[in-house]
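Okay everyone, today I'd like to talk about aromatic rings. Have a look at this one with me.

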Amino acid sequence: MGLLSGKATCNTHGQDSSYFLGWQEYEKNPYDEVQNPTGIIQMGLAENQLSFDLLESWLDRNPDAAGFKRDGRSIFRELALFQDYHGLPAFKKALVEFMSEIRGNKVTFDTSKIVLTAGATSANETLMFCLAEPGEAFLLPTPYYPGFDRDLKWRTGVEIVPIQCTSLNGFQITETALEEAYQLAQKRHLKVKGVLVTNPSNPLGTTMSRNELNLLVNFITEKNIHLISDEIYSGTVFSSPGFVSIMEILKDRNCEDTQVWNRVHIVYSLSKDLGLPGFRVGAIYSNDDMVVAAATKMSSFGLVSSQTQYLLSALLSDKKFAQNYISENKKRLKQRHRKLVSGLEKAGISCLKSNAGLFCWVDMRHLLSSNTFEAEMELWKKIVYDVKLNISPGSSCHCTEPGWFRVCFANMSEDTLKLSMQRLKAFVDSITTTLHNQSNHQSIKNSRRRSLTKWVFRLSFDDRMTGER
């Protein structure tokens, strides 16, 4: 062990989180309709597989893009030899225009302020390296994506301090929660460098309100710190209220000529909106020239391949396709979301009202044996091992209330979702039956005890009356 670094031997990656352990159990026994119909159904993976047919249809109609050709002539050699960490200009242009389209063209983005990264994981970590020193802190509202414990902390040495949000107001950020988190960091002698939020939220599946966004801008202005807005789910908003980007808030407040303009940074990716996590396409958008320059240099450690950029620049530059995809994908997400909510309701389970994302924040508090995180883990293990559904427990997302779970709905077929709900309903029914039987058994015991008490009292009374006569 002495031959290895502390980084290699430390246990701070977060791999032992129940979030990742659920994946491991799924991989040992994955559900397959034909090969393994009793296997574990993966509902812990936020993947968007609902609109692959649209992408595949476009590829069929545009063979030159997939074949790395331009005007019928191969450019394979050109793409294979070219690798500039600034990225292909055509792709960066197509990407920022796609980002604007998702935001209803209410804001525009400058290609000179965007840095390409190998997915949002790389983008978030790169921003940590740019904005904070080891031992400094970022504030994150709970519940938050479990992977942030790895992405933000593991290699950077940055600390996460939770902004404690609760179900009392739908887990929205409040001024009090922000200030309490800041004070907690100070008590731990941590210098706060910024706040990081996901909008739309992972795992809540909700968009942030204008009030929350304005609250955040006020807070970082007062504290003179940064704000990172992770907006990788911005194209998945399927119901009102609509998505409001932090960039839109800054424009509305005329922040262009203020210091806060350079302290707000956006993370984006095509993993969720286009359903292409395997392509590893992410981006940092910042108005700070020094952040852009530093992040560009760091991107050498996680570049997007030229072949990927060429293919996607052609796809995203097709405006008609891009607009149709965004619209149709939202319709499909809304329909699938409705089916999950309906299935949960039939099982007697509710969830937080949501309007975005690839998952629901599900309330199973009534199924806990006690109001503890130990009971949450006990329930989670039953659902994974007995019900054969991999879902993510709220504790893995640092939720402060036991009994909440993230359940994904867009990474499977409709039939598989239906089966998962049938399994869950059978499980809940069995719990309800058990509790009902226990209740009846206890009622009978209580009734017998009362009858015995009455009999003893009557016997005692009769004896006393006989003695008096």
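Tyr182 is buried, at 14% relative accessibility, where buried means under 20% relative accessible area, exposed over 50% and partly exposed in between, with a 1.4 Å probe and protein chains only. Quick housekeeping: this is a predicted model, so local features need pLDDT of at least 70, side-chain atom pairs count only at pLDDT 80 or more, and totals for chains, interfaces and linings use all residues. Residues are numbered from 1 along each chain as its sequence is written, and side-chain values use heavy atoms, leaving out hydrogens and water.

Now, ring pairs. Rings of Phe, Tyr and Trp (for Trp, the six-membered ring) pair if their centres lie within 6.5 Å; planes under 30 degrees apart are stacked, over 60 edge-to-face, the rest tilted. That rule gives 14 aromatic pairs. Helices here are DSSP runs of H or I, at least four residues, and strands are runs of E, at least two, numbered from the N terminus. Phe219 is buried too, with a relative accessible area of 5%.

How are Trp361 and Trp404 paired? They're stacked: 6.1 Å centre to centre, 5° between the planes. Trp361 sits in strand β12 and Trp404 in strand β15, so that pair links parts 43 residues apart in sequence. Both are buried.
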